[in-house]
Amino acid sequence: PKTDIVFLKVHKSASSTVMNILFRFGEMHNLTFAFPQGGGYQLYYPHHFLARFVQGFSPRSPRRFNILCHHMRFLQPEVQKVVPSSAIYFSILRNPVQLMESSFVYYKGASAFSRVRSLEEFLSQPQRYYTPASGDRHYARNLMTFDFGFNPDGEVSPERVQLMLKAIEASFDFLLISEYFDESMVLLKEMLCWDLDSVVSFPLNSRDSSTKSPLPDSAVEKLKAWNRLDWEIYTHFNRSFWERIERDIGRERMLREVTALRRRRAELARTCLQGTGSVAPKDIKDSSLRPLQHGGARILGYNLKQGLDGELERTCRRLVTPELQYSSLLYKKQFPSQPP
């Protein structure tokens with residue numbers, strides 16, 4: 001199994017669920033994490049990543065960390081200073097239409113969104129509300145482009161798009177697609193030589209459907225045009241995702257693997273969870289399992305069954321622990337003497 005990993009946690013793309021998978025694997029195999037200084041939750045995002053943002057990094061010591069997976073704005077030369085040269089690099093993408101709809105609800109307080117009532121109102125005159133100079137502009141335009149380290153306001157010439165795609169291909173071993181989450185997990189398992197249980201998960205940091213609203217076709221087209229760089233990244237890597245599956249796994253085997261993954265998830269849900277799945281924040285009984293609520297989104301969580309025995313309780317609890325709580329827990333374990 002591969003144990004040296006860089007995961008670029010792209011916003012609003014099922015990346016919290018992937019992070020939970022990495023947390024669990026790292027904890028189980030006693031791996032070290034590149035935590036933000038002082039036990040924070042982001043590596044000084046939205047600044048480009050610097051090695052000195054990592055707790056315990058020193059330019060004088062050759063210490064490397066196994067897993068880098070907290071939110072950052074990617075900058076590979078700096079990333080290479082904190083992880084072994086053998087590290088596998090991957091990320092996850094989401095259709096920019098759904099991504100921006102999610103971003104609008106989640107980052108409602110961001111300057112570009114604060115004066116509009118709806119995403120459609122924003123898209124009717126984006127330049128009126130959007131200021132390229134503002135520090136939180138990236139939530140409102142080409143968010144994936146920004147997270148990968150590029151300029152979200154850059155021109156969209158074919159040459160520049162090609163350079164960007166080539167740069168991503170040169171840095172990353174593979175990219176997953178959140179719309180095909182289960183297929184992505186099978187690919188992840190394959191690329192990292194992990195077993196099935198390592199990639200089974202329950203959806204984390206997901207929104208209550210009452211805050212989701214479908215967009216009219218006219219808004220979808222405006223949205224693609226406004227997030228053109230993201231659209232180029234997404235369509236390119238969605239294509240290469242399926243090409244890789246054809247080449248490395250094959251459709252038939254993929255079907256079998258996805259079925260096995262879903263069966264195992266359903267089995268764990270029956271074993272671990274009260275009821276059939278996620279519940280509204282107000283219905284989460286154990287406050288330590290309540291995810292952070294943000295913006296206009298209602299973030300769902302889980303209730304564990306009572307009376308699970310020791311090891312099973314631990315496994316189930318890890319599956320549903322929200323990212324901030326899990327991150328704190330692992331930070332205290334890795335740096336026991338320091339208060340978070």
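Let's start in the middle: the largest nonpolar core of this predicted model has 113 residues, and Leu 68 and Phe 122 touch the most other members. In general, nonpolar side chains in soluble globular proteins tend to be buried together.

**Around Leu 68**
- Who does Leu 68 touch, leaving aside its neighbours within four places in sequence? Its contacts are Ile 5, Val 6, Phe 7, Ala 34, Leu 43, Phe 49, Val 79, Val 82 and Val 83.

**The sheet**
- Four strands line up as E2-E1-E3-E4 in an open sheet, and their pairing is parallel.
- Strand E2 (67-68) and strand E4 (174-177) sit at the edges with a single partner strand each, so one side of each has no neighbour in the sheet.
- As a general point, strands of a sheet pair through backbone hydrogen bonds, either parallel or antiparallel.
- Strand E3 (residues 88-93) runs parallel to E4, and four bridges join the two.
- Two of the residues in E4 with bridge partners are Leu 175, which partners Ser 91, and Ile 177, which partners Leu 93.
- Helix H11 (residues 228-248) packs on the sheet and touches E3 and E4, with its direction at about 100° to that of E4.

**Helix H12**
- Helix H12 (residues 251-272) has 22 residues and reaches 31 Å from its first C-alpha to its last, close to the 32 Å expected at 1.5 Å a residue.
- Its buried residues are Met 254, Glu 257, Val 258, Leu 261, Arg 265, Leu 268, Ala 269 and Cys 272.
- On the face of H12 turned away from its buried side you'll find the exposed residues Glu 252, Leu 255, Arg 256, Arg 263 and Arg 270.
- The buried residues of H12 pack against H8, helix H9 (196-199), H11 and helix H13 (310-320).

Conventions. Residues numbered from 1 in each chain as written. Predicted model: local features only at pLDDT ≥ 70, side-chain atom pairs only at ≥ 80, totals over all residues. Heavy atoms only, no water. Pairing = 2+ DSSP bridges. Contact = heavy atoms within 4.5 Å. Axes fitted to C-alpha atoms, helices over the stretch in contact; angles between N-to-C directions. Core = buried A, V, L, I, M, F, W, Y, C linked by side-chain atoms within 4.5 Å. Buried < 20%, exposed > 50% of the residue type's maximum accessible area, 1.4 Å probe, protein only. Expected span 1.5 Å × (residues − 1).
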